[in-house]
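Work through these exercises with the sequence and the model open. Try each task before reading its solution.

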Amino acid sequence: MTLLLQYTLIFSSVLLLVALGGCFAEHSGVINLGLEGIMVIGALGGALVMRYMPLSVAPIVMVLGTIIGAVAFGVIYASLLGVACINFWADQTIVGTALNMLGTAAATVFVKAINTAANPNDVSSVIQYIEPKKRFLVNIAGFEFNWFMLVAVIALIVAYVVLYKTKFGLRLMACGEHPQAADSVGINVHKMRWAGVLISGVYGGLGGITYILAGVSEWKFENGVAGFGFLALAVMIFGQWKPTRIALAALLFGLFRALSNVYMGFDFLYNLNIPSTVYNMMPYIVSLVVLAFTSKNSRAPKAEGIPYDKGQR
Amino acid sequence: MKKNFWKRPAVQALTASLICIVLGLLIGYIVLLFINPAGAGKAILAVVKNFLNSSRANLRMKNFGNTLVKTAPLLMCSLSVLFAYKVGLFNIGAAGQFVVGSCACLISSLSWGWSWLPCLLFTILVGAVYGAIVGLLKSYCNVNEVISGIMLNWIGLYTTNMILNSVKEPTSPYTLHVTSEAPQALLPTLGMGELFSGNKYVSIAIPLSIILAIIILILLDKTKLGYELKATGNNRNAAKYAGMAEKRNIILTLAIAGALAALGGAFLYQTDYEQWSVTQSSVPGMGFNGIAAAFLGGLNPIGTIFASYFIQHITNGGGYVDLTMYSSQISDLISSLIIYLCGFVLFIKYAMNKRIAKTEERRAQREKTVPAEAGKGGDGK
């Protein structure tokens with residue numbers, strides 16, 4: 001049971017972080033379909049820090065360093081989306097898809113290059129972080145607390161406060177609802193959209209590093225992040241673009257994702273004799289069903305996906 | 001006055017695609033330089049040359065055949081993406097439809113012993129149903145087709161692995177060879193392999209895929225159905241107002257798109273060029289490369305034929321780089337860069353048109369101020 005709770009919380013943290021990233025981008029008016037790619041690159045940034053930072057440093061330095069690495073990589077990568085979609089009116093769906101493919105391909109090429117340079121016989125795309133990973137975990141009576149669970153909670157509070165309680169957040173949301181109106185009262189729409197995209201880079205990067213630290217202690221970058229960026233978008237839609245509801249949705253999805261890791265531990269689930277692939281499929285099936293019921297009355301930002309054109313009425 | 005050469009849409013689309021290719025290769029080259037400056041030039045040449053890397057002529061033809069064998073399924077996937085995009089839908093689910101297509105043709109041939117034509121028809125049916133799910137969710141539940149497509153990609157992958165587990169080789173994770181276990185299901189080759197130094201994988205899949213591209217072109221541009229579908233894509237509500245069944249059109253579009261991508265699976269696995277691995281944990285890249293090919297081809301079925309060949313050409317070319325220095329994924333990197341750059345096509349065309357307008361204006365002004373020179377100027381450029 002503790003194991004189930006542990007996995008649910010860590011996977012929910014991943015989904016929550018990434019979905020909040022999507023939420024910021026969409027509230028500013030940009031659909032960020034590239035979250036999956038941003039997660040991969042963020043994970044790469046964090047994994048590189050873990051690989052190259054000496055193990056002798058204090059745990060807190062390791063944790064902060066990894067977070068900074070992931071965030072920096074995520075933000076830089078998200079700016080590719082920003083340039084194309086905000087400054088060059090590119091189709092956001094194409095660019096997002098390209099970023100997803102580019103993320104996995106670039107990370108694979110990069111990690112393989114590092115591995116081969118270190119050892120000519122090593123052509124794998126794996127980064128190991130068994131020792132550094134221990135710095136992120138605190139064992140409380142059998143429950144492995146991961147610092148990223150705390151990060152996710154803080155990120156949720158920050159997102160809520162920024163979006164609803166600050167001038168910046170309200171302006172950001174105005175740009176996603178009616179950019180022309182926002183512009184008419186002196187808000188710089190391009191700047192706000194850039195802010196939304198870059199914040200989604202921060203959250204996406206954090207989500208990426210959390211994901212690869214969730215269950216394993218090495219990551220094969222060829223595999224990408226198995227559709228988690230899109231699951232997060234489903235979480236965001238289910239949460240109706242509101243941070244608190246997104247958090248609840250993330251918990252539900254996290255539970256289904258965790259089941260595939262730990263269902264063996266439950267006698268009644270084990271005795272049902274359902275093949276493990278069915279559990280692997282669960283999160284995707286659940287998200288399809290949930291989306292089918294919740295998308296009808298979508299409260300999506302009205303101007304999302306449309307490049308801002310000053311001359312348009 | 002003659003129409004400016006650079007103003008023709010086809011010329012602009014081709015120029016934009018070429019710019020994307022050149023920039024994509026250039027950035028790929030820069031990445032290689034960063035990894036290891038010593039062999040970067042050689043590696044990028046190896047990617048571009050593909051089968052021309054082989055020293056002997058008959059081996060070259062054989063490898064050219066192999067590239068074509070994989071171009072056919074890629075072309076089907078990119079036609080699937082293109083067809084849906086013309087109707088305003090982004091069919092990222094092509095990857096999953098390709099997967100269930102592979103599943104359908106392998107199970108019907110290996111397990112049920114069907115011959116090739118029924119296998120193809122069954123594959124088409126399965127793909128159409130799988131695509132229609134996305135369409136149903138889109139038209140009746142307003143589910144974004146990109147997200148439902150991705151979810152169905154993963155569901156399709158896991159289901160396929162589970163089903164094909166029954167026809168795999170006992171000692172390996174790969175499915176049985178179609179050549180030995182179900183020769184009746186192999187696509188007819190019509191002796192085309194002889195043209196490619198006896199490449200036995202070259203089959204009717206290649207001409208069929210090109211014919212299908214032409215059919216798609218005709219369907220979209222010359223038929224009432226194509227007009228209705230495109231109208232639905234442009235404005236769903238206007239189409240409804242004009243008396244078109246907009247819900248049916250969306251479902252039909254995705255069913256056709258699904259059938260096309262699924263057929264791609266049959267075109268690959270019914271030649272026995274590859275075996276399906278039931279332990280694979282990521283969705284095959286064929287469907288995603290189809291997106292690259294569709295956009296690189298300027299969203300024109302004929303352009304897509306060439307673009308698909310190009311993408312497959314560099315993907316195969318990735319296998320020729322010096323693996324002690326670089327990885328073959330460099331070609332994935334280049335093709336994803338090309339898709340990214342395709343996002344800028346709108347801007348490239350805008351910049352071109354602006355330039356043309358400027359030069360024309362300048363010329364018009366010159367002709368006005370110096371009427372004597374007008375005869376000489378003409379439309380030379």
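**Exercise 1. The interface**

Task: Describe the interface in this predicted model. How much area do chain A and chain B bury between them, and what share of it is on carbon and sulfur atoms?

Solution. 
Step 1. Take the area. Chain A and chain B bury about 3900 Å² between them, and 79% of that is on carbon and sulfur atoms.
Step 2. Count the residues. Chain A gives 46 residues to the contact and chain B gives 41 residues.
Step 3. Check for charge pairing. There are 0 salt bridges between chain A and chain B.
Step 4. Check for polar pairing. Across the interface, 5 residue pairs are in polar contact, both residues at pLDDT 80 or more.
Step 5. Find the elements on the chain A side. Helix 3 (59–87), helix 4 (92–118), helix 10 (228–238) and helix 13 (276–294) of chain A each supply at least two residues there. Helix 4 of chain A gives the largest share, 15 residues.
Step 6. Sort that side by class. The side of chain A that touches chain B has 32 nonpolar, 10 polar and 4 charged residues.
Step 7. The model scores ipTM 0.87 and pTM 0.87. Chain B averages a pLDDT of 87, with 96% of the residues at 70 or above.

**Exercise 2. Salt bridges**

Task: Find the salt bridges. How many does the rule count over all chains?

Solution. 
Step 1. Side chains of opposite charge can pair when their charged atoms come close.
Step 2. Take the total. The count over all chains is 6 salt bridges.
Step 3. Look at a pair in chain A. The side chains of A:Glu131 and A:Lys134 form a salt bridge at 3.0 Å, N to O. A:Glu131 and A:Lys134 are separated by about one helical turn, because they are 3 residues apart in helix 5 (residues 130–134) of chain A. A:Glu131 is partly exposed at 36% relative accessible area. A:Lys134 is partly exposed at 48%.
Step 4. Look at a pair in chain B. B:Lys138 and B:Glu145 also meet in a salt bridge, at 3.0 Å, N to O. The cut-off for buried is under 20% relative accessible area. B:Lys138, at 17%, therefore counts as buried. B:Glu145 is buried too, at 9%.

**Exercise 3. A link between helices**

Task: Trace the salt bridge of B:Glu228 and B:Arg248. Which helices hold the two residues?

Solution. 
Step 1. Read the distance. The side chains of B:Glu228 and B:Arg248 meet at 3.7 Å, N to O.
Step 2. B:Glu228 lies in helix 9 of chain B and B:Arg248 in helix 11 of chain B, so the pair ties together parts 20 residues apart in sequence.
Step 3. Compare the surroundings. B:Glu228 is buried at 14% relative accessible area, whereas B:Arg248 is partly exposed at 45%.
Step 4. Salt bridges with shared partners join B:Lys224, B:Glu228 and B:Arg248 into one network.
Step 5. Return to helix 9 (residues 224–234) of chain B. Its buried residues are B:Gly226, B:Glu228, B:Leu229, B:Ala231 and B:Thr232. Their cover includes helix 3 (57–86), helix 8 (205–222), helix 10 (236–241) and helix 11 (246–269) of chain B.

Terms used:
Residues numbered from 1 in each chain as written. Chains lettered and ligands numbered in written order. Heavy atoms only, no water. Buried < 20%, exposed > 50% of the residue type's maximum accessible area, 1.4 Å probe, protein only. Helix = DSSP H or I, 4+ residues; strand = E, 2+ residues; numbered from the N terminus. Contact = heavy atoms within 4.5 Å. Buried area = accessible area lost by both parts, 1.4 Å probe. Salt bridge = Lys/Arg side-chain N within 4 Å of Asp/Glu carboxyl O. Polar contact = N/O pair within 3.5 Å; in protein donor to acceptor, adjacent residues only side chain to side chain. Nonpolar A, V, L, I, M, F, W, Y, C, P; charged D, E, K, R; others polar. pLDDT = per-residue confidence, 0-100.
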